[in-house]
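Dear colleague,

Please find below the structure that I am handing over to you. My findings follow directly after it.

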Amino acid sequence: MFEILLPDEEDARRFGARFGLCLRPGMTVLLEGPVGAGKSHLARAAIRAMAGAEIDVPSPTFTLVQTYETRAGEIWHSDLYRLSDIGEVEELGLAGAIGQDILLIEWPDRLGVYTPSDAIRVTLSYEGEGRRLVVSGPEDFLACLGGPA
């Protein structure tokens with residue numbers, strides 16, 4: 001497990017960029033936390049680190065899925081909050097992308113049976129004015145982030 005306190009938005013952006021540079025095709029990241037905790041902010045920083053700082057990265061709240069081409073492979077950024085049925089995971093193409101592409105999934109509890117057992121879990125919570133971020137996942141990924149805390 002890796003744990004870090006992110007006191008402000010800039011610290012979160014820098015960590016998100018470092019996080020993104022550790023991602024590889026086949027990895028699924030489950031972004032958990034309450035509304036406003038910074039899930040989209042972290043995903044945006046990771047995507048920009050991989051696809052270019054100038055790329056527009058809107059929240060997928062209404063589109064449900066946004067995809068990006070990078071040198072490392074395709075990234076799927078998904079917000080499943082509005083999913084009403086598990087079948088929509090397949091309709092969106094997520095089921096086929098799991099294990100192939102890089103997936104950043106907000107509200108992953110909606111994945112149900114499609115949740116990969118080897119997924120990277122990121123939990124964000126409020127801590128004062130900042131955020132506490134806890135990451136669990138494969139040892140090599142945690143080592144890339146800076147090792148277990």
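Ser-78 is buried, as its relative accessible area is 0%. The model is a predicted one, and the values given here are computed from it. Ser-78 is placed in strand β4, which covers residues 73-79. A polar atom of the Ser-78 side chain lies 2.9 Å from the backbone oxygen of Leu-64.

**The disulfide**

The structure contains one disulfide. Cys-22 and Cys-144 form this bond, and their sulfur atoms are 2.0 Å apart. Cys-22 lies in the loop between α1 (9-21) and β2 (28-32), while Cys-144 belongs to helix α5 (residues 139-145), so the pair ties together parts that are 122 residues apart in sequence.

As to handedness, the disulfide is left-handed because the torsion about the S-S bond of Cys-22 and Cys-144 is about -85°.

The accessibility of each cysteine was also computed. Cys-22 has a relative accessible area of 6% and is therefore buried, the cut-off for that class being under 20%. Cys-144, with a relative accessibility of 38%, counts as partly exposed.

With kind regards

Notes. Residues are numbered from 1 along each chain as its sequence is written. This is a predicted model: local features need pLDDT of at least 70, side-chain atom pairs count only at pLDDT 80 or more; totals for chains, interfaces and linings use all residues. Side-chain values use heavy atoms; hydrogens and water are left out. A disulfide is a pair of cysteine sulfur atoms within 2.5 Å. Helices (H or I, at least four residues) and strands (E, at least two) are DSSP runs, numbered from the N terminus. Buried means under 20% relative accessible area, exposed over 50%, partly exposed in between (1.4 Å probe, protein chains only). A polar contact is a pair of N or O atoms within 3.5 Å; within protein, one must be able to donate a hydrogen and the other to accept it, and residues adjacent in sequence count only if both atoms are side-chain atoms.
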